[in-house]
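Work through the exercises below with the structure open beside you. Try each task before you read its solution.

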Amino acid sequence: MSQSHSGFTKQMARNMFYGGTVFFALLFAAIVFDSERRIPERSNAQAITPAVVAGKKIWETRNCIGCHTLLGEGAYFAPELGNVYKRRGGDFIKVWIKAQPTGVAHRRQMPQFNLTDQQLDDLVEFLKWTGEINNEKWPPNIEG
Amino acid sequence: MHISTLKYQSQSVSKLYFIAAMALFAGQIIFGITLGLQYVVGDLFFPYIPFNVARMVHTNLLIVWLLFGFMGAAYYMVPEEAETELHSPLLAKVLFWIFLVAGALTIVGYLTVPYAKLAELTGNDLLQTMGREFLEQPLPTKVGIVIVALGFLYNISMTVLKGRKTAISLVLLMGLWGLALMFLFSFVNPHNLVRDKMYWWFVVHLWVEGVWELILGALLAYVLVKTTGVDREVIDKWLYVIIAFALMTGILGTGHHFYFIGLPGYWHWIGSIFSALEPIPFFMMTVFAFNMVQRRRREHPNQAAVLWAVGTAVLGFLGAGLWGFIHTLSAVNYYTHGSQITAAHGHLAFYGAYVLVVITLISYAMPTLRGRIANSKKAQAAEMWSFWIMTIGMATMVLALTGAGILQVWLQRMPLTNAMGFMATQDQLTIFYWVRIAGGVIFLLGQFLFFASFFIGGDPVTEDAGGKGAKSGVLPARSLNPA
């Protein structure tokens, strides 16, 4: 490639870049388009109630992703929460959040967010809905 | 204020950007070590700096300083490539201060205001974009980033348009425009989490495994053109081939993030196949860098910059290529997804590819911005040591995190029954986390030495000393002494 007498020229390399990029970008867009159409069914979208939407907002504005993972994405400091509803149940989640921080010396601490009962219910609804998403049976076991 | 080592005086605006980048880089590492300590001393600084806040500062500082680095690099490279002064040095300076102040205010906001309050104060209700990993910035900051990016792109594009158009400057421009364009997806946050996650990757993946690779390629090619004197035709051809493979594998490689977030099962195939090919462009980059340095036609006095360039190529391959590959196949990722393996890969990939390429450019440009072609032998020696110390620190961290990840997968993910819980597993990983902290401290020492090298005086190495420089070159030259 670096030999000047090789038949492969800079113009050919450039064309490969432009052609390849356009081709794969279009292919990607087409597949994403198909995925888009299948998201409602796979995510059980008809179950997205106003409570789920409100719960997602609580999730975001408390920056939960800064410690936890959700469907495996986020920080790796605290447990996976995509399946926490199945692992612990709604009541446990609420009691747990209200009880934070534990204050046990040298252990990881979760802040107290002073959520109202309504906000806690919404958050649980969001986590419950998230647990129902068809995500190819991940995680491998209930521990997340 | 005429700087004789600059062909175009307007290149000097880049100095501000480089200094800011390095200052923020220092902050990033301080917060990184804090996070590392919080892994083993869970209540450290609680409740003043909770883990999630420190992490947000750590990752956002990284992104912002790399953006400062990219912008500085563009302001430095583009006038020289286009053979004309920058369209507007004043605009570059104004945008610098806007970006710096906005960035600083954002960090101060993270550290002093509870996140929910910050969201409320900054109009998150108008358009909910906050609280997603790496895109935590309040709405005004996100809008500010777009405005600064547009002003910057206008400035750079006008400069290229009025001057010479080289492959390097075109590739750099495409990368930077792509960066700004993909960032617009940070404003897309559908209520449906699956959709939210899919478009989130349009920013995150299509940045670091997409358009940023164009920027990386352009910066590396530029420094290699300058330091090796190899014919541009050769380097341009390599550049196009590398970025062609980067995008041909990287675009569909996005699929390796779509395995377990609710998207259709065909992404397992697409993601596995194409992301398994993603190391190819990084491997080419390594071959490219070694080849060009071996075929060099001159002994550039700044051998430190050559070391950073070769280091970028090698560590980019190891971090983005090899450490990406080990967990990218869907059958493997099923067990490693969201584990410490991911953290190991993230650290080495960012360091190897993007941190090092920005430092490469700074190492090459900074002496010329200070009126000399290269620093003194002593200063360069310190710089080279700083490369090795930072790299050893990073390697220690990454190996520790990889070990932690393997044990985590073994205890928490593999067992079908009676798997260990998350926190119980974390307790088993403590030793790895301490080693990781040691790696982080070594990295910090290397960083100190790098900063210190800017203040080491002595006689600058000149081109005339080339004969001597040849012996101290990073790699032996193949063509310097024809037999």
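**Exercise 1: Two domains in one chain**

The C-alpha centres of domain 1 and domain 2 of chain B are 21 Å apart. This is a predicted model.

Task: State which residues of chain B belong to domain 1 and which to domain 2. Then find how many residues of each domain are in contact with the other.

Solution. 
- Step 1. In the domain assignment of chain B, domain 1 is 1–165 and domain 2 is 219–478.
- Step 2. Apply the contact cut-off: C-beta atoms, placed from the backbone, within 7 Å. Domain 1 of chain B then brings 24 residues, and domain 2 of chain B brings 25.
- Step 3. Look at the domain 1 side. Two elements of chain B give two or more residues to this side: α1 (14–40) and α2 (51–82). The most come from α1(B), with 13 residues.
- Step 4. Sort that side by class. It has 16 nonpolar, 7 polar and 1 charged residues.

**Exercise 2: Two chains**

Task: Find how many residues of chain A and of chain B are in contact. Which element gives the most to the side of chain A that touches chain B?

Solution. 
- Step 1. Count with the cut-off of 7 Å between C-beta atoms. The contact involves 60 residues of chain A and 66 residues of chain B.
- Step 2. List the elements of chain A that each supply at least two residues to this side. They are α1 (10–42), α2 (50–61) and β2 (73–74).
- Step 3. Pick the top contributor. α1(A) gives the most, with 16 residues.
- Step 4. Sort the chain A side by class. It divides into 28 nonpolar, 18 polar and 14 charged residues.

Key
Residues are numbered from 1 along each chain as its sequence is written. Chains are lettered from A and ligands numbered from 1 in the order in which they are written. This is a predicted model: local features need pLDDT of at least 70, side-chain atom pairs count only at pLDDT 80 or more; totals for chains, interfaces and linings use all residues. Domain bounds come from an automatic or database domain assignment. Two residues are in contact if their C-beta atoms, placed from the backbone, lie within 7 Å. Helices (H or I, at least four residues) and strands (E, at least two) are DSSP runs, numbered from the N terminus. Ala, Val, Leu, Ile, Met, Phe, Trp, Tyr, Cys and Pro count as nonpolar, Asp, Glu, Lys and Arg as charged, and the others, Gly among them, as polar.
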